[in-house]
Amino acid sequence: MRNQSALRSKLVSSPYILWAILFIIAPMIFVVYYSFTTASGDFTLDNIKFLSKYLPTFLRSIWFGIVATLICLLIAFPTSYIISQKSDKMQRTLILLVMLPMWMSFLIRTYSWMAILQDTGLINSFLIKIGIDPVHMINTGGAVILGMVYNFLPYMIMPIYSVMAKLDFSMIEACQDLGGNKINVIRRCIIPLSMPGIVSGITMVFVPSVSTFYISQKLGGGSFDLIGDVIERQFQQSYNYNLGASLSLVLMILILVCMAVMNRFSGDEGEMVI
Amino acid sequence: MKKLFSVFLSAIISFVPFIFAFAKESDDIDSLKGTKLYVYNWGEYISDGEDDSLDVNKAFTEKYGIEVIYNTFDNNESMYSKLKSGGISYDVVIPSDYMIERMIKENMLEKINFNNIPNFKYIPEKYRKLAYDPTGEYSVPYTVSFVGLIYNTKLVDEAPDSWLALWDEEYTNNILMFNNPRDAFAIAQSILGMDYNNESAPAWITAAALLKEQKIVNPVYVNDEVFLKMEAGEAALAPYFVGDFLSMQENNPDLDFVYPKEGVNYFVDAACILKGAKNKRAAELYINFLNEPEVAKANAEYICYGSPNEAVYNDPDYEYYQDELLYPEEGAFKTQIYTNLSPEILALQSTLWDDVKNYIPSGDSNLSLFLGGDSSGTTDEGEKMTSETRKYGLYIGIFVLLCLAYIIFRFARKQYREKV
């Protein structure tokens, strides 16, 4: 009887396992294989050696990713809290509004930011009209970070909100009963309880920010590269799959390390009090 | 009985070829009805029925009953990567000259049966058997055009005549540049008086150094965004294709165009049939159809690129009939065509291009170094690169340290509290 149910559960999970092997494990193996081979298929470490050249690009991407993630966090945390305090109907509407831009293509949204930010764009022509000197915004690092924050903010709001919506309000009441003022309630009660959401939000924003290429090309004017740009170019233009794969491998390892650290960090959170 | 049957069968089989041989050509075409033809072309590179123009693919389907599955790419390299990686098979593809040469070399193209392309008669001798396809067996020219310098007359006082305008510090932050290595390098090579198809590594390194020098004016590297930016008056200068200039000018009459004196790239995009095309006969029909005078004219007017088709450019009703920019006098300025580069040079070009993109210029211009003719091509790149690296490294380091300090602080506090 027991064996049968084990078999059944195996059968049930087999489509997923097959999917994982085909679309997750196999591509990973290819990435590793390409990273350590030359175009003709011989083993080499040259691709890895070559990577030192891209150190500045890596550092720039990571820094941009960190900044974008922090800004997202700063915006998303209060927003999620405010949303979660509204009535059910209101909550649904507000979350819908958060999700609404995502119904449109990410590419189109980024492209339209170009029209908003450029020197003759919406913002600057408005500034000129009311008599203020135009600000040069497009093709700067700031524009790229803005693009990242705009595009990935919903990924931060959603997980934090979903944790906060389920927050046991009696905990907050208990905190208040014990004499906590507003700041203490947030610091010692709400933040620790919503930590799982914050952590998954941080990974969900940091990972795409570090690896993005479209945003930096359109809003950064292509005058500086992020690591995603370099990888894209290896595959699209240079037809150098090997270098592209080794860059991706390093990026993947980097992201995995970040996630491992984050998970470790959040694991402790339950026991610790801020 | 069995024997009789086999004799009968062999009789039938031996007749089959005759039946086909006697069938008229039109039957041959009729048999293609209901089949599919896969076409891979540049984006915005065919008349699609917009603004009452002719919808070429629809017209083809109506005429021959062959369904056209039409996909687009935005540069030769990405098209090549897609075809190489396999998984998709197209019948007709329209790459540029040097890419055709490469594809011929790598045995990716099928010879075209020119008996099936009677409209090839409209292609004059000067567009046949060009350097990229010396035997003329693989390609039928689709468009011919030039690169040049587009400028906004409102932002540029004096009409430039040289590529060096793109290095002019007066237009800092107002300059657009090609975001692909081949075209960007060609501009630097023109200035340096080099061959675009140079096979010597030092020459490419020098050209790359000149491109790095351009970073002082902070150029914006663009592909298709050039339309948006030039039409909005967002930039003063941009190198681009003459055909695209004509369509931009329709939206912004302040734009003007010049062929710089150092020389420009002349290119041909041509229709080819891929090896292993499943519908070769239909592919030939399609290529022939593209060269029908009416169709070719519709395309030429839609794309605004030069047409290699005599019936088009000699037609007084053609919108760009005898247009000076599209059909300049031969020898009016220097032109060079791209040919395929060796794998080593291609690899070098792509690493150099990565360097150019990541280069951060120092304050002073070394431009005179290049123009003096003595171009050793050494710039102080190392120092600048490391200073930026150091900056970001420092930021990240501080961030990580802060996180660490926080964790340690909490850990220590926890220990302390437990003790208490």
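Modeller: A:Ser61 is a place to start: at 0% relative accessibility it counts as buried. Keep in mind that this is a predicted model.

Biologist: Where is A:Ser61 in the fold?

Modeller: A:Ser61 sits in helix α3 of chain A.

Biologist: And which residues does A:Ser61 touch, leaving out those up to four places away in sequence?

Modeller: A:Val210, A:Leu226 and A:Ile227.

Biologist: Zoom out a bit. How many helices and strands does chain A have?

Modeller: Chain A has 13 helices and zero strands. Its C-alpha trace spans about 80 × 70 × 35 Å along the principal axes.

Biologist: What share of chain A is buried?

Modeller: Of its 274 residues, 42% count as buried. As for contacts in chain A with a separation of 6 or more, 69% of them are between residues 24 or more positions apart.

Biologist: What about A:Met195, buried or exposed?

Modeller: Buried, because its relative accessible area is 12% and the cut-off is under 20%. A:Met195 belongs to helix α10 of chain A, residues 195-211.

Biologist: How far is A:Met195 from A:Ser248?

Modeller: Their C-alpha atoms are separated by 29 Å, and the two residues are 53 residues apart along the chain.

Biologist: Now the interface. How much area do chain A and chain B bury between them?

Modeller: About 3800 Å², with 52% of it on carbon and sulfur atoms. Chain A puts 42 residues into the contact and chain B puts in 44.

Biologist: How many salt bridges are there between chain A and chain B?

Modeller: Three. One of them pairs A:Lys218 with B:Glu225, where the closest N and O atoms are 2.9 Å apart.

Biologist: Which elements of chain A give two or more residues to the side that touches chain B?

Modeller: They are α3 (55-84), α5 (106-117), α11 (214-219), α12 (227-236) and α13 (241-269). The largest share of that side comes from α3(A), with ten residues.

Biologist: Which residues is A:Gln237 in contact with, its neighbours within four places aside?

Modeller: A:Glu232 on its own chain, and B:Asn75, B:Glu77, B:Asn179, B:Asn180, B:Pro181 and B:Trp353 from chain B. A:Gln237 is in the loop between α12 and α13 of chain A. At 15% relative accessibility, A:Gln237 counts as buried.

Biologist: On to chain B. How is chain B divided into domains?

Modeller: Domain 1 covers 21-143 + 269-313, domain 2 covers 145-266 + 341-371, and domain 3 covers 382-420. The centres of domain 2 and domain 3 of chain B, taken over C-alpha atoms, are 43 Å apart.

Biologist: In the largest nonpolar core, which residues touch the most other members?

Modeller: B:Met103 and B:Leu237, in a core of 127 residues. Strand β10 of chain B, residues 264-274, gives the most to this core, namely nine residues. Domain 1 and domain 2 of chain B both give residues to this core, so it lies between them.

Biologist: What does B:Met103 touch, not counting residues up to four places away?

Modeller: B:Met79, B:Tyr80, B:Leu83, B:Val93, B:Pro95, B:Met108, B:Leu109 and B:Leu274. Apart from this core there is another one of 59 residues, including A:Ile95, A:Met156, A:Ile157 and A:Ile227.

Biologist: Backbone check, then. What is the phi of B:Asp51?

Modeller: Positive, about 50°, although B:Asp51 is not a glycine. Most residues other than glycine have a negative phi. B:Asp51 lies in the loop between β1 (36-42) and α3 (56-64) of chain B, and is exposed, with a relative accessible area of 71%.

Biologist: And what about the phi of B:Gln322?

Modeller: Also positive, at about 55°, and B:Gln322 is not a glycine. B:Gln322 is in the loop between α12 (310-313) and β11 (335-336) of chain B. B:Gln322 is exposed, with a relative accessible area of 59%.

Note on methods
Residues numbered from 1 in each chain as written. Chains lettered and ligands numbered in written order. Predicted model: local features only at pLDDT ≥ 70, side-chain atom pairs only at ≥ 80, totals over all residues. Heavy atoms only, no water. Core = buried A, V, L, I, M, F, W, Y, C linked by side-chain atoms within 4.5 Å. Buried < 20%, exposed > 50% of the residue type's maximum accessible area, 1.4 Å probe, protein only. Helix = DSSP H or I, 4+ residues; strand = E, 2+ residues; numbered from the N terminus. Domains from an automatic or database assignment. Contact = heavy atoms within 4.5 Å. Buried area = accessible area lost by both parts, 1.4 Å probe. Salt bridge = Lys/Arg side-chain N within 4 Å of Asp/Glu carboxyl O.
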